[in-house]
Amino acid sequence: MTDPSPATPSPATRTRVLDALRQQRVETASWAYANSGTRFKVFPQQGVPRTPEEKVDDAATVHRFTAVAPTVALHIPWDRVEDYGALARYAAERGLALGAINANVFQDNDYKLGSVTNPDPGVRRKAIGHLVECVEIATQTGSRDIKLWFADGTNYPGQDDIADRQERLAVALREAYDRLADDQRILLEYKLFEPAFYTMDVPDWGTAYLHCVELGPRAQVVIDTGHHAPGTNIEFIVAVLLRAGKLGGFDFNSRFYADDDLMVGSADPFQLFRILHEIVRADALRPAAGIAFMLDQCHNIEAKIPAIIRSVMNVQEATAKALLVDAAALAAAQRAGDVLAANAVLMDAYNTDVRPLLADLRADMGLDPDPIGAYARSGYQEKINTERAGGQQAGWGA
Ligand code: LRH
Ligand code: MN
């Protein structure tokens, strides 16, 4: 029985959609709470965290107003602490868990010509050491995922041997993979360009997929939505990796031009909807499906915590619309080859205003239906602006 329209879902559909949204999980990024910018300028903001603990406080605040962001990803060494177990307990006391551990082999002077792919075996050894350290940190924080993104690449043809670098990369990944505990996995992230501008050693989903297949079942691909050539059909990559059982997660953000790291859904909400449609169609939204929905953004000029709350809401809105797609009607139109009808089913869902439904969901979850307004009224921003005067604000330290 198809619904009258997505805007007036049947009680059964409404229940299904609300249940799925209640289970949704979005992981925020510790570095998004810190100062960030471009090569031109980093504009410091008042109240920015100075420590991993203060980043956890801010992530807990986002969860307090959205109820669907119970984990925060860490980046090493930006979030290096003496006792990762203590940091995990600190987070737990605030209703949060520590999420993906992000390695950083892109800021050390030794890595100019690459980290794990560097022509110098000594440099490769150093970089592999960091990957292994991140696996150990994940054991201490209780994190499932170790996320690996490599800035490695070349700027000029002939600078280095493409195949040799792939071999070096494979050797490094194997060393890290073989250190994983049974409940841990490697998430390999690709990026088309920047900071290298001729080759990146993991430039696209295909290269990431090949390395993950070579490694084994606990290696999967991460799709950072800002890491593709303009015009790339990202939902196609989502569908293909889901079918292959090799989609590990997303670094959500959005862009108009390059790796702009803007709020997810702000530049292209229709693309985000199409991506979530593939996720819902594959029944991969529920946490048990194992897809990590992470934010990887930089709030260079806008207030950071409200921007992250807005980002979580954008993911919820795209998800609600995807959940309202009348799958039966869509399948029937597709089978009948009725192009316009099939497209209309998707557009009806996309053009549905789901904000009232999400406001009801939040009220139902004991939250203020307006998280942004509630945050502004909470006084939290004023509190941290006052408390966090002085000290060294956290940033990328680039
Ligand atoms: C690289 C990237 C990667 C992170 C970094 C913060 O562009 O997307 O995921 O390590 O941003
Ligand atoms: Mn990323």
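A salt bridge here is a side-chain nitrogen of Lys or Arg within 4 Å of a carboxyl oxygen of Asp or Glu. The model is a predicted one, so local features need pLDDT of at least 70 and side-chain atom pairs count only at pLDDT 80 or more, while totals for chains, interfaces and linings use all residues. Residues are numbered from 1 along each chain as its sequence is written, chains are lettered from A and ligands numbered from 1 in the order in which they are written, and side-chain values use heavy atoms, with hydrogens and water left out.

View 1. Arg22 and Asp19 pair up through their side chains, 2.9 Å from N to O. Both sit in helix α1 (residues 11-23), three residues apart, or about one turn of the helix; helices (H or I, at least four residues) and strands (E, at least two) are DSSP runs, numbered from the N terminus. Arg22 is partly exposed at 28% relative accessibility, and Asp19 is partly exposed too, at 36%. For these labels, buried means under 20% relative accessible area, exposed over 50%, and partly exposed in between (1.4 Å probe, protein chains only). The whole structure has 30 salt bridges.

**View 2. Glu54 meets Arg388.** The closest N and O atoms of this salt bridge are 3.7 Å apart. It ties together distant parts of the chain: Glu54 is in helix α2 (residues 52-66) and Arg388 in the segment after α14 (380-387), 334 residues apart. Glu54 counts as buried at 13% relative accessibility, and Arg388 is buried at 5%.

View 3. Asp251 is buried at 1% relative accessibility, and Lys147 is buried at 3%. Elsewhere, shared partners join Arg50, Glu54, Asp58 and Arg388 into one salt-bridge network.

View 4. Glu189 in strand β6 (residues 185-189) and Asp296 in the loop between β10 (292-295) and α9 (304-323) are 107 residues apart, and both are buried.

View 5. Tyr375 is part of helix α13 (residues 371-378) and is buried, at 3% relative accessible area. Thr61 is 314 residues away in sequence, yet the C-alpha atoms are 8.5 Å apart. Beyond neighbours within four places in sequence, the contacts of Tyr375 include Thr61, Phe65, Ile305 and Ile384, where contact means heavy atoms within 4.5 Å.

**View 6. His211 in helix α6.** His211 lies in helix α6 (residues 205-215) and counts as buried at 6% relative accessibility. Residues up to four places away aside, His211 touches Gln166, Leu169, Ala170, Leu173 and Leu188.
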